[in-house]
Amino acid sequence: MAVSDLVTRQAFADAPQRGAATRLLEDERWLAAVLLLPTVVLLGLFIAYPFVEGVWLAVTNATVGVPGKFVGLANFEALWNDSIFRTAVYNTFIYTAVATVFKLGLGLWLALLLNRNFRGKAFTRAFILLPFIIPTVLSTFAWKWMFDPTFSVINWTLFHFGLIHSRINWLGEPDLALISVIIVNVWRGVPFFAISLLAGLQTINPELEEAAAIDGARAWQRFWHVTWPLLLPVTMVVMLFSIIQTFADFQLVYVLTGGGPANATQLFATYAYQIGVGTGLLSQGAAVSLAMFPFLLIVVVVQLLYIRRVEVH
Amino acid sequence: MAPVVIRNLNKKYNEVHAVKGVNLEIRDREFVVLVGPSGCGKTTTLRMVAGLESITSGEVLIGDTVVNALPPMDRDIAMVFQNYALYPHMSVYDNMAFGLKMRRFARAEIDRRVRHAADILGIEDYLSRKPRQLSGGQRQRVALGRAIVRHPQVFLFDEPLSNLDAKLRVQMRVELKKIHDRLGTTAIYVTHDQVEAMTLGDRVVVMKDGVVQQVGEPLDLYNAPANRFVAGFLGSPAMNFVRVALVENGGMVQAVGDGVRLALPGATAVRLRRHLGEEVTLGVRPEDLRIVAAEAANGLSFEAVVEVVERLGSEILLDLKVGAGSMVAAVEPTVQAKVREHLRLALNPERLHFFDSRSEAAI
């Protein structure tokens, strides 16, 4: 018997002794399941479970320390008749709409400026991101000082230039408070728009702009007929991300006004927090949170449909 | 249609002097090719004519107008870009119509012109397609169409064929020539490809390091290059260069170099007599070398060893060792030559080029 025969036999004899698990993993279906497991566990633990728990809370009468019983849609009925909730819904839409329009406008303008060639371009681009990098709560506290009726640097400046003669109570007047909160949101959100749109602009071949210039298009026409249509896919994605974030915004308002004065800056998230955690009515707070869901779902569906359309083309 | 005049044109980017004192008069209806290696300033010159690049000093005139301060749209030019620069979100039709729409042409006139151009270029069937649904050659046609519909004073071409494969490039080259013959629009064409320059240009402008080296009709440049650079740049395979010393021997002017000792014929000898004792560069085009019988040795032949034989079908290129240097000869396809074979090569006495070693100018 040759040595090679012996070796071969030995190898075959060893084969069945490999673990059952190894053999199982050679089946692609099992392997796929095993590979998916970590993702499923993470998503389930941190997204699906809290969501289901939230939905469940919203249809019970649970409060802090009391598990609660199933009450159907009673919490939502209560919200329907809650004037503060209606104010919060109205404020949230205004807040999202106005802030998004300004963030898009200013962000696009900034992106177009940053897309030019100038000295210190790299530094400026990095600098622009600052509001985005600083922890929101910290920067919002700085804004709170600037809006303070007594210590406001804004008031001081306006006063010294003779533009105002009495203090402006930025966060104390209902309309002004909402405007102030929107200003801070815009300040914080513009860098994200600017940098994302700048990235989009840089994918556009500069020769197209030159071709359009030779074709007789003025600066505004070049933007409208060439740059804007080519930037639109990026703009859509950035806008929808921003809408979702702004719609569910909490930190800014919580730090600046806590939803006041007289609920003038109350948003979905702050109202949910106030009822659920502040007053301990967990189930009603959950119902307020959940009321955001239909709108956000529409936004996400629109986003997915749009991205699919762009990908198909 | 209009002449273009470039007067003492300069372009500086901070430290870099990209275009240095270019002077050029392009006649009405003329097809002029700017050619040179990359970085020679040819594209920058074209872009200054287009108005896409500011002019550091000098003047550009289109027709009778100094256009230095005019934006591209007011110069009445059309440009074809290397990467086509088609608007990706517009159909072929809209790409071609865009320039006319911006200039507020009537819809019927736009339609007439677009369809006419599409007819000339053979792209009628693609008018509703988007650029990304077209092949490279088709895109190039659309880019040409976009220029044609405008009926501009001047066409500017920036290496329009360099993204096409070799076969398509030859085909489009011929078509470009036909279109120019048909439309007669003044054209400035930039390329790094000397074959395109030779075949397309009524006149060719050879540039290097931002300086115009020579301007002239293609064959004039080929036969009488003004300096060593032009001589080496035009022609493929390139001209052979050998360093030789000019010496007088028994009343004859001789060029003596590594592996060559040539007795220069009458007119050439007279011309070079004042360079006697100097080292100069001898230039010989590969097709001006001819294999002769070993016995036929005369004052204009030399010995060489074959190193490589390249059979191109229409001709054979022989890579030769001459002394310690090397040369290329282009010979008849019927020649039987073997590697390591010793050959005797004769020069065409009418077609010898000499260049000053220092200034590199033809002498």
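Trainee: How many helices and strands does the secondary structure of chain B come to?
Mentor: This is a predicted model. The secondary structure of chain B comes to nine helices and 20 strands.

Trainee: What box do the C-alpha atoms of chain B fill?
Mentor: Take the box along the principal axes. The C-alpha atoms of chain B then fill roughly 80 × 45 × 35 Å.

Trainee: What percentage of the residues of chain B count as buried?
Mentor: Buried here needs 20 or more other C-beta atoms within 10 Å of the residue's own. Chain B has 363 residues. The buried share is 40%.

Trainee: What share of the contacts in chain B with a separation of 6 or more comes from residues 24 or more positions apart?
Mentor: A contact needs C-beta atoms within 7 Å. Count the pairs in chain B with a separation of 6 or more. Residues 24 or more positions apart account for 65%.

Trainee: Which elements give two or more residues to the side of chain B that touches chain A?
Mentor: In total, 18 residues of chain B are in contact with 14 residues of chain A. Two elements of chain B qualify: strand S6 (77-80) and helix H2 (92-102).

Trainee: How many nonpolar residues are on that side of chain B?
Mentor: Sort the side that touches chain A by class. Three residues are polar and one is charged. The nonpolar count is 14.

Conventions. Residues are numbered from 1 along each chain as its sequence is written. Chains are lettered from A and ligands numbered from 1 in the order in which they are written. This is a predicted model: local features need pLDDT of at least 70, side-chain atom pairs count only at pLDDT 80 or more; totals for chains, interfaces and linings use all residues. Two residues are in contact if their C-beta atoms, placed from the backbone, lie within 7 Å. Helices (H or I, at least four residues) and strands (E, at least two) are DSSP runs, numbered from the N terminus. Ala, Val, Leu, Ile, Met, Phe, Trp, Tyr, Cys and Pro count as nonpolar, Asp, Glu, Lys and Arg as charged, and the others, Gly among them, as polar. A residue is buried if 20 or more other C-beta atoms lie within 10 Å of its own, exposed if 12 or fewer, and partly exposed in between; C-beta atoms are placed from the backbone.
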